[in-house]
Amino acid sequence: MATLSQTRPVRRPRRVTPGAAKWLPVLLLPVTVGLVLVYFSAVYGLALGFTDWNLISDPAWVGTANFAEILDDERFWTALRNTVEIVAVTVPAKVAIGLGLAILLSRVARLSSFFRLALFFPTSCSVVAVAFLWVYLYDPNGLLNSWLGALGLGTVKWMSPDHALTSVNVMIIWGGVGYVALLFLAGLQSIPAEYYEASRLDGASAWRQFWSITFPLLTPTTFFVVVTGIIAALQTFGEVFILAGPMDSTLTIMSYIYERAFTGFEMGYSAALSAFLILILLTATGAQLWFQRKWVTYER
Amino acid sequence: MSVELDRRPAAVTSVPPARRGRRTHGRARGWEYAVLVLAVVVILGPFVVAALTSLRTNADYLSSTSVLPTELTFSNYVRVFDEIPMARMILNGLFIAVLGTLGGLVASLVGAFCFAKLRFAGREPLFGVVLFTMLVPSTVTLIPLYTIIRAAGLVDTPWALILPLCTGSAFAVFFLRQHLMSVPHEFYEAAVLDGCSVPGTIFRVYLPLVRGPLAILAILNFLASWNDLLGPLIYLNTPEKMTPTVGLTYFRGQYTTDFPVMLAGSLVVLVPTTIIFLVFNRHIRDGLAISGSLK
């Protein structure tokens, strides 16, 4: 960058600004503290994973014992299975329903801003407050069952071990779909109308238009939704902290880390669990960045 | 350390997607309206039935399967403030969210200014290191940060939640830097010529020019802090120091739950964020479209 300004013949490069040098360390201090905190935490957290520490006695080095224990830990595998199921169900569902709603939103003129506002509303809400709404809806004697009963359909044990995770997934999709729809709507509105007009002249059906124009040109949005959605879903915590099913049926990796770290105060073991989750997060994100060239279409 | 002005041509970056005129790809038919109305009912329905239930007594709720209350009562809202120190919790939540948001914005703004406008040795590598932290999931700092804050004696004080926010965020630094770079350099020169100090230049000259991006960040950060569950859960213990979001969990009974009170509490917690949402929903949408999450 220095060469850039020096090659400009018109003005001579400015001398050192006397005031700025003095202030620079102060101005950069907060950001630098944040940086050090993140990188130190990464190293320190990994190191903690090799210790046994209950916060009271000194940390004891135990080598790879924690990691070996995790591989034999039935509850870790349950948490991993549940978390993967949340990712596998909620992310595709949010994409499919969100895209469908976005297409409908792009076609309506009247009430359009009301629809958008209403669908987007849960995004601003506290997960805890929203999850309590669903605790109420899913209660065995709650609203959903009384309606099903009134329709003569019998009742569902929404939060039984068999159904709890599905019920949680429904809530997550419900809360996230409006945000995804708005992202897709912005993508749709940036597709030039000429593409549709030209293809219509060539006799393309609406179905063909969707797969040949809409879907390819929306792949950058889809990619963004999928990447951020997977990262968020892998760290699901608040939803299952409130709307918790019996017998670990909704245990996620994050809620398992929370339980071991902050109710059991097993800092070493939970740091090792965190290391596993971070590895999964980085692998998932890296894999998607790698595979995006196979399916994401960027204009120009 | 030698510092001089950066004369790079200003990079023009308009981050929020440009809104083109509304385009309808076809005329919507009746069934399309019907599907959207159904979607709105599904999304807003739980809030409406929760509001109705919060206005009835528990006995009324338990005795009738109808959604409509037989008689209206505000007693549940009174109980929300009587049974837990909800007023105190709301003040705590506002204190943490406002101070944390302000501290984070100031830190990010001055950091972004350095990366956008000042020239110093190691600037590009340092900025790269800042950017890389955007890829680091928040799970990385969860346990190490807890042990640090515990060692510092800050557990069960609001500072445990405020101070970590005051280091700014990589996303905010990146976002503000983009906008600061598009501000012509003559602003800085004029301010310095007039004898304005560097902080004075940042806060009096540049801050007003990036009001829009700052507003987006402020709203997102406030929502994230107010809605945060894990932080207060880990760091705060005493009910008088708790935030309202976590305070709600006190209403969940071990065996039975008084739903009308619990729902009244939930709706109280939703009031501030709903006001912000109704006023600033465009900011929220534009900000989330870039950052990807509220965290």
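A salt bridge here is a side-chain nitrogen of Lys or Arg within 4 Å of a carboxyl oxygen of Asp or Glu, and a search of the whole structure finds ten of them over all chains. This is a predicted model, in which local features need pLDDT of at least 70 and side-chain atom pairs count only at pLDDT 80 or more, whereas totals for chains, interfaces and linings use all residues. Residues are numbered from 1 along each chain as its sequence is written, chains are lettered from A and ligands numbered from 1 in the order in which they are written, and side-chain values use heavy atoms, with hydrogens and water left out.

Select Arg75(A) to begin. Arg75(A) forms a salt bridge with Asp248(A), the closest N and O atoms being 2.8 Å apart. This pair links distant parts of the chain, with Arg75(A) in helix H4 (residues 74–107) of chain A and Asp248(A) in the loop between helix H11 (238–242) and helix H12 (253–262), 173 residues apart; helices are DSSP runs of H or I, at least four residues, numbered from the N terminus.

Arg75(A) is partly exposed, with a relative accessible area of 26%, and Glu259(A) is partly exposed at 27% (buried means under 20% relative accessible area, exposed over 50%, partly exposed in between, with a 1.4 Å probe and protein chains only).

Turn next to chain B and select Arg56(B), which forms a salt bridge with Asp60(B), the closest N and O atoms being 3.3 Å apart; both of these residues are buried.

Now show both chains together. In contact (heavy atoms within 4.5 Å) are 103 residues of chain A and 105 residues of chain B. The two chains bury about 9,400 Å² between them, 75% of it on carbon and sulfur atoms, where buried area is the accessible area (1.4 Å probe) that two parts lose on being put together, summed over both. Between chain A and chain B the count is one salt bridge, and the side chains of Glu32(B) and Arg107(A) meet in a salt bridge at 2.6 Å, N to O.

Finish at Leu36(B), in helix H1 (residues 30–54) of chain B. Leu36(B) is buried, with a relative accessible area of 0%, and, not counting residues up to four places away in sequence, touches Leu101(A), Leu104(A), Leu105(A), Val108(A) and Phe115(A).

Technical notes:
Helices (H or I, at least four residues) and strands (E, at least two) are DSSP runs, numbered from the N terminus.
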